[in-house]
Amino acid sequence: MNFLFARAPSIRIAPTATARRSISHSVSVSKALPFYLNTLRSAEQNDGKVLRMLMFGKPGAGKGTLSARLVKKYDILSLSTGDLLRQHIAERTEVGRQAEEIVAQGSLLPDDVMLKVVASKLELLNNRHWILDGFPRTLGQGKLLDAHLQNQNAPLSLVVNLDVADNVILSRISDRWVHLPSGRVYNMSYNRPKVDGFDDETGEPLTRRPDDNPEIFSRRLKQFYDSTSPLLAYYASPVNKLARLITLQGETSDEIWPQLDAVVRRSFPGVRERVSSISQRRYSLSDPFAMEQEKRAIKRGAASDGPNPSKFLN
């Protein structure tokens with residue numbers, strides 16, 4: 001399926017000028033118009049300085065790994081809809097009891113129930129920076145979330161699409177190991193744990209996801225294209241004038257991370273680094289290689305500005 005828009009508040013950042021493309025890539029966007037500023041009611045809340053972020057990508061694209069890196073480096077909250085739902089059920093809230101009954105029947109939670117689960121937390125965050133994980137997953141959910149956030153005068157400010165080729169993901173999922181309690185992901189090809197089979201931070205055993213096999217991956221990939229492609233097209237369309245959609249390309253999280261880090265630092269200067277991260281960065285930047293990587297990421301981000309027609313390939 002192809003989508004073509006004359007204008008879209010979005011840009012693409014690739015690791016090199018000659019980045020490879022394939023028709024199997026997820027929905028992506030070319031360079032486009034600059035970031036739109038929301039000027040509805042509160043200049044303090046709607047000047048684009050508060051990071052309210054969604055991250056999309058195919059299964060295995062690195063969403064969890066990159067979100068964890070942002071949270072570790074910056075004062076950003078990561079909100080998992082699964083964790084929020086479990087908290088509501090455990091605390092026996094009204095929406096928790098409703099959700100528990102639906103889950104017990106083996107049914108999927110309706111969009112309005114999921115919105116209540118998410119909204120109950122977002123409404124408490126005021127001007128905090130956050131990343132929302134696990135919601136929305138469909139076009140209908142995206143529109144519901146947008147309407148709620150705009151009513152709260154706290155609209156989304158950034159949507160990130162991780163564009164990793166299908167064949168790249170398929171080739172590496174067999175090497176993936178996970179620390180289930182934290183969600184930390186390791187890969188034996190390029191992101192090995194310090195001790196094979198054990199989590200770096202807790203020392204607890206790593207496990208394999210049961211869905212990390214080619215057959216199940218193919219089904220999950222089809223589901224991604226069916227549900228998420230229309231959602232990304234919505235965020236890239238002229239209808240969406242509040243959040244900026246960017247597409248980051250690479251084959252590994254290590255390739256994509258400098259691009260994502262540069263976008264956050266350039267677009268949201270109010271996001272503060274954690275003290276431990278500042279100390280670590282001062283040490284790492286004494287390494288000439290690290291300094292060169294930092295400079296290249298900034299140059300790539302600067303080169304991505306400017307208008308250009310947007311093209312979507314499914």
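**A walk from Gly64 to a pair of helices**

Let's start with Gly64, which counts as partly exposed because its relative accessibility is 43% (under 20% is buried, over 50% exposed and in between partly exposed, with a 1.4 Å probe and protein chains only). You will find Gly64 in helix 1, residues 63–73 (helices, H or I of at least four residues, and strands, E of at least two, are DSSP runs numbered from the N terminus). This is a predicted model, in which local features need pLDDT of at least 70 and side-chain atom pairs 80 or more, while totals for chains, interfaces and linings use all residues. Residues are numbered from 1 along each chain as its sequence is written, and side-chain values use heavy atoms, leaving out hydrogens and water.

Gly64 is also one of the residues that an unreviewed UniProt entry annotates as "binding site", together with Gly60, Ala61, Gly62, Lys63, Thr65, Arg176, Val185, Tyr186 and Ser253. These residues span 194 residues in sequence, yet no two of their C-alpha atoms are more than 13.7 Å apart, so they gather at one spot. Such annotations may be inferred rather than shown by experiment; positions follow the numbering used here, and feature names are shortened.

Now look at Arg176, in strand 7 (residues 176–179). Arg176 counts as buried, because its relative accessibility is 9%. Leaving aside residues up to four places away in sequence, Arg176 touches Gly60, Val185, Tyr186, Asn187, Arg208, Arg209, Asp212 and Arg220 (contact means heavy atoms within 4.5 Å).

Finally, turn to helix 2 (residues 81–91) and helix 3 (residues 94–104), whose axes come within 7 Å and cross at roughly 105 degrees (axes are lines fitted to C-alpha atoms, for helices over the stretch in contact, with angles from 0 to 180 degrees between N-to-C directions). Helix 2 is therefore roughly perpendicular to helix 3 (65 to 115 degrees; under 35 is roughly parallel, over 145 roughly antiparallel and the rest oblique). Leu85, His88 and Ile89 of helix 2 meet Val95, Gly96, Ala99 and Glu100 of helix 3.
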